[in-house]
Amino acid sequence: GSFGFGLFRSEDRGSTWIKSGEGVNDPFILSLATGKDGTVYVGTFREGVFRSTDQGKTWHSINAGLKRKEVKTLLTAADVVYAGTGDGVYRLHAGDNHWTVVTSGLDEILVHALAQSTDGTLYAGTSGKGVLRFKANSSGWVRMSHGLKDHEGMIENFIRVLTIDADGGIYAGTFDGGVFRSQDGGMTWRPISRALPNDSIRGIVFNSRGLFVATGHGIFKTTDKGRQWIALNNGLTSMAVQVLVESSSGSLYAGTNAGAFRSDDDGKSWSAINQGLEAGIAPPPFLFR
C-alpha cells in the first residue's frame with residue numbers, strides 16, 4: 001500500500017509488482033490486513049475500508065456503520081476484523097458488511113494501532129490518549145499509562161505501534177518517545193529504548209533472533225531487551241522507514257520513503273524491491289470537489 005499511488009501486488013517476494021487496486025477509489029493507503037481465509041482488507045485516508053476476496057484483483061467498499069473514513073490500522077483476529085479510525089475502534093464480522101463500535105470511551109479519538117492478546121483483550125494505541133485496554137465483557141476502554149513516560153517525565157500520549165510477543169509482553173512504539181514494554185497486561189510500562197539512536201518508532205517486529213525496531217532514521221535490533229541496539233541499515237537508500245513486517249518464511253520487508261526493501265538475513269543486508277512500483281509525484285490528498 002502506498003501513499004498516493006494505491007495498491008500493488010507481488011507474487012515473487014517483491015521482485016516485481018503490478019497494480020492491484022481496481023475498485024479502491026482512494027490512492028492514499030494507510031493500512032493493510034489479511035484474514036486467515038485469504039481475504040484482504042485495506043484502510044484508506046478518505047474513503048474507509050475496502051475488501052478483496054480474489055487476491056486483490058477486485059475490491060469492494062465496506063463502510064456501513066463507520067462514522068469517519070480515515071482508517072489508520074486494521075487487525076484481523078479469528079473471524080473478526082477491527083478498524084482503528086479517526087473516531088475510535090470498530091468491529092466487523094468476516095463476511096458481514098456493517099461495522100459496529102467496539103465499546104465506549106474513544107469517541108473523537110484517532111486510533112493508530114491495535115493489538116489483541118491470546119485471551120481476547122484488545123489494546124489501542126491512540127493520538128492523544130496513549131494506550132487503552134478493553135477486556136471482553138467489561139464496561140469500556142481503560143487507559144493504561146503507569147510508567148509510560150518520556151525522558152522528562154511527561155506521559156506519552158501519542159502511540160504509533162503496538163505489538164504483543166509470544167510471552168504476552170506488550171510493546172508500544174511512540175511518535176517521539178521511543179519504545180516501552182509491559183509484562184503485566186499494560187498495567188505498568190518501562191522504557192527499553194534509552195540507547196536507541198532515534199525515538200520516532202514506525203514498526204516493531206520480534207522473533208527468536210531478537211527485537212527489531214523501525215525508526216525515522218533506520219532499523220535497529222536488540223537481543224538484550226534494549227540495553228544495546230545494533231544498526232541494520234546496509235543497503236537501505238532511505239532511513240525514513242514507515243513500516244516493517246516479517247513474512248512467514250522469516251524474511252523482513254521494510255517500506256521507506258524510497259520504496260520497498262527485503263532482507264533474507266535478519267536485516268544484515270537489504271535489497272531494493274521496487275520494479276513495477278510507480279514513481280513520480282503523488283496526487284494531492286486534499287482536493288476540493
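Reply: Start with lining residues: they have an atom within 4 Å of a pocket point. The model itself is predicted.

Me: What makes a residue part of the lining of the second largest pocket, and which lie nearest its centre?
Reply: An atom within 4 Å of a point is the test. The lining holds 15 residues. Asp165, Tyr171, Phe206, Asn207 and Leu211 lie nearest the centre. Strand 19 (201-207) and strand 20 (210-215) each give two or more residues to this lining. The pocket holds about 300 Å³ of space.

Me: How do the lining residues of that pocket divide by type?
Reply: Six are charged, five polar and four nonpolar.

Me: Why is strand 7 called largely enclosed?
Reply: Buried means under 20% relative accessible area. Five of the seven residues of strand 7 (residues 71-77) are buried, so the rest of the structure largely encloses this strand.

Me: How do you know that strand 7 and strand 8 pair?
Reply: Pairing needs at least two bridges. Six bridges join strand 7 to strand 8 (residues 80-85), so they pair, and they run antiparallel. Thr73 has Gly84 as its bridge partner in strand 8. In their hairpin, with two residues between the strands, Ala78 takes a positive phi near 55°.

Me: Why are strand 23 and strand 26 at the edges?
Reply: The open, antiparallel sheet has the order 23-24-25-26. Strand 23 (241-246) and strand 26 (271-272) each have a single partner strand, so one side of each lacks a neighbour in the sheet.

Methods
Residues are numbered from 1 along each chain as its sequence is written. This is a predicted model: local features need pLDDT of at least 70, side-chain atom pairs count only at pLDDT 80 or more; totals for chains, interfaces and linings use all residues. Side-chain values use heavy atoms; hydrogens and water are left out. On a 1 Å grid over the protein atoms alone, a cavity is a set of points where a 1.4 Å probe fits but cannot get out, and a pocket is an open set with protein on both sides within 12 Å along at least five of seven lines; lining residues have an atom within 4 Å of a point. Grid points are joined across faces, edges and corners, and a volume is the space filled by probe spheres set on the points. Helices (H or I, at least four residues) and strands (E, at least two) are DSSP runs, numbered from the N terminus. Ala, Val, Leu, Ile, Met, Phe, Trp, Tyr, Cys and Pro count as nonpolar, Asp, Glu, Lys and Arg as charged, and the others, Gly among them, as polar. Buried means under 20% relative accessible area, exposed over 50%, partly exposed in between (1.4 Å probe, protein chains only).
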